[in-house]
Every structure is written in structure tokens, then in C-alpha cells.
Amino acid sequence: MVEEWIKICKENDSGGNCMAVGEDTIWERFLSPVVRLLIDEEGLRRYAESVDWEKESDRFRRGDVVIPTYYISQNFHGIKDGYLNSGAAVTYDPITQYVLPPNETLVRQAIVAAIKVQPRRILDLGCGTGSTTLMLKQAFPQAEVIGLDLSPYMLVRAEHKAQSAGLDINWRHGNAEQTGFPDTSFDLVTTSLLFHETPPTVSQAIVRESFRLLVAGGQVLVLDGNQNTLRQLEWLNDIFQEPYIREYAAGSVDAWMGAAGFGAVQTQDVWWINQVTSGIKPILATVRHYTPAPIDSTIEDDVQGFPSPAFDTMP
Ligand SMILES: C[S@@+](CC[C@H](N)C(=O)[O-])C[C@H]1O[C@@H](n2cnc3c(N)ncnc32)[C@H](O)[C@@H]1O
């Protein structure tokens, strides 16, 4: 059935980019047969066929976004052509719900539970189909929430989900390494399940970009595979055919945040397989550029609260 669906998907995919699954991976041989039994393939097929993917993805596609080589030179999860096709956008959620033990919602909830700020502007980097982004908007309905991703197809799926849930979220095509947003535009920057799919140099660039984007006192949160567990259980790295997962496991999100200038960095286990790492942009990071206010006004209030970001200048 999945093969048949992929065939139909390919026939409907004018770009010829539809998902193709590797045939000799652990995923393909052992796990996908189980997942296939659980997936509503007929529902997926109907959804896939109901969308004009090229037209809808064109609404998001931005000419100035440069697609990095690491992103198109590898297969993710044994999936050829990575995320730049409608097949990836359609199949991502049905598969992901079975690969985040003990339960996808519980794992994603960990990032929401770790939020220490009262965010007015939230940026979710590498948002994919928006599962975490939607939860962030539900947790902070008054906040302006933006989900950014390199794949316009994933953004199409994310927008459909937000519309179904009645949530007002902005979706933006972009590279998390260099988002184009002005400095200090956000109170909270998140990423979920992104860093195990990016080379560590890219992850570190994304952490530095998060630092630039945050106001003083703002928080960065990274939810991803547990680096300690992945180091101990080498076989886990083979399961999902992730090209950069070993390099990710060998690294330290804590250290990356510290090197970028974040303070109060701490990592918590999330059901042993995952982790959430939090960092706060120190108040002092901007006090250096701060123009002192008159003696009777409260500088402390200014720097502890969230200065109004220059969001209107967003390109
Ligand atoms: C494993 S998915 C995670 C999606 C989502 N955050 C989640 O929790 O389900 C990784 C996503 O990151 C995106 N991505 C990878 N590198 C990126 C980059 N440099 N900038 C923006 N998005 C990126 C991919 O297109 C994909 O949608």
C-alpha cells in the first residue's frame, strides 16, 4: 500500500520529487512494516490528492533562501530527496507519532513545560509540519508565533494543521542559520527534533542565530535526542538512518549554548530517549549597548522585562 501510495504521489508530483523510501534500511525492514499497519493510508492518499502542492508551496517559497548542501546531499530516515517534496510533508506526522516514546505529545510537552519566560514573540526554527509550533501557540495564545522551515512543503502541511485547529500562526520559508529577522526580535526561540538532522557546525550556527534574535532575558529551548543515551546505545543511531546523528550524539547542546553566550544552561532528560536544553540570554549581553535612562526611571524594569523588539522592520 505504501509503495502504491508513493507511486500515486509521484504521478501527482509535477516536480518528480515524491518521497522514495530506501529498501535495505533497518527502518524499511523492521519498523515500517509495523507502522504501515497503523497508518490510515487511504486518509493520507485523499489528503495528498486534495492539495495542489506546487501552487500552495509557491505561496511560501522565497527566492532569497539558499538551500544548504547538507540538506539536499543526504537522505533522512532512509527517505530519498529529504524534505523538499510533498511526500515528506504528508508522511512525516503519521510516522513521527510512533517514534517518540512513550508518546509524541508528552515528549513535545516537555519543551512547553520548560518555558520560563512570558513570551510575546516566539520563533520555532525548523518547525516542519508545525506540531510543536501549534502547542506553543496553544500555550501562549496572545503571543505572536512564527514557524520557520527550509521546506515550503512542510509549511503547507503546517498551515493546514493550524487552520484546522483555528490557530493564527505565521509560517516562513527560511534558513535557521540566517533567518533575516532583526536582532532582539523574539522572547523565546525553540527548535524541536532539528539538531540530530544538522551537522554540529550548523547546529552551533543556529544556536548563535538564536542568541542574536533573542531579547536580553529571552530563552532558547532545544528539544532533541538525548545525547548521553545515544552515545551509550550505539545501535539506536542505526535505526532511523539519520546521516548526522552520530556527530550530534558526540556533541553537547549545553556546550554549544555556553559557547554562544547563553547563561543558566541546563539539560533535562525527557523520557530517557530525548532531552530538552534551556539557555537564557544574559541581561548583561545588551546592557553593554544600553543607553542609561534618566535617574528616576527603572533601568532594572527595562532590562528584566522584554524590550519591544523592532519587529516592524522584519523583511
Ligand atoms: C525532523 S524535522 C522536525 C520538525 C519539527 N520541528 C518537529 O518537531 O516535528 C526537521 C525539520 O527541520 C527542517 N530543517 C533542517 N535544516 C533546517 C535549517 N537550516 N533551517 C530551517 N529548517 C531546517 C527540515 O526541513 C525539517 O522540516
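V156 touches V51, W53, E56, S57, F60 and A89, leaving aside residues up to four places away in sequence, where touching means that two C-beta atoms, placed from the backbone, lie within 7 Å. The C-alpha atoms of V156 and S57 are separated by 6.0 Å, although these residues stand 99 residues apart along the chain. V156 belongs to helix α9 (residues 152-165), and it counts as buried because it has 25 C-beta neighbours inside 10 Å; buried means 20 or more other C-beta atoms within 10 Å of a residue's own, exposed 12 or fewer, and partly exposed in between.

This is a predicted model, in which local features need pLDDT of at least 70 and side-chain atom pairs count only at pLDDT 80 or more, while totals for chains, interfaces and linings use all residues. Residues are numbered from 1 along each chain as its sequence is written.

Another helix is α10 (residues 200-213), whose 14 residues should span 20 Å at 1.5 Å a residue, and the end C-alpha atoms are 20 Å apart, which agrees; the expected span is 1.5 Å times one less than the number of residues. Helices (H or I, at least four residues) and strands (E, at least two) are DSSP runs, numbered from the N terminus. The buried residues of α10, including I206, V207 and F211, pack against β3 (121-125), β6 (186-192), β7 (214-225) and α14 (253-260).

The ligand is surrounded by 21 residues, of which the closest are Y83, G126, G128, A176 and S192; a residue is near a molecule if its C-beta atom, placed from the backbone, lies within 6 Å of it. Domain 1 (4-99) and domain 2 (104-280), with bounds from an automatic or database domain assignment, both give residues to this shell, so the ligand lies between them.
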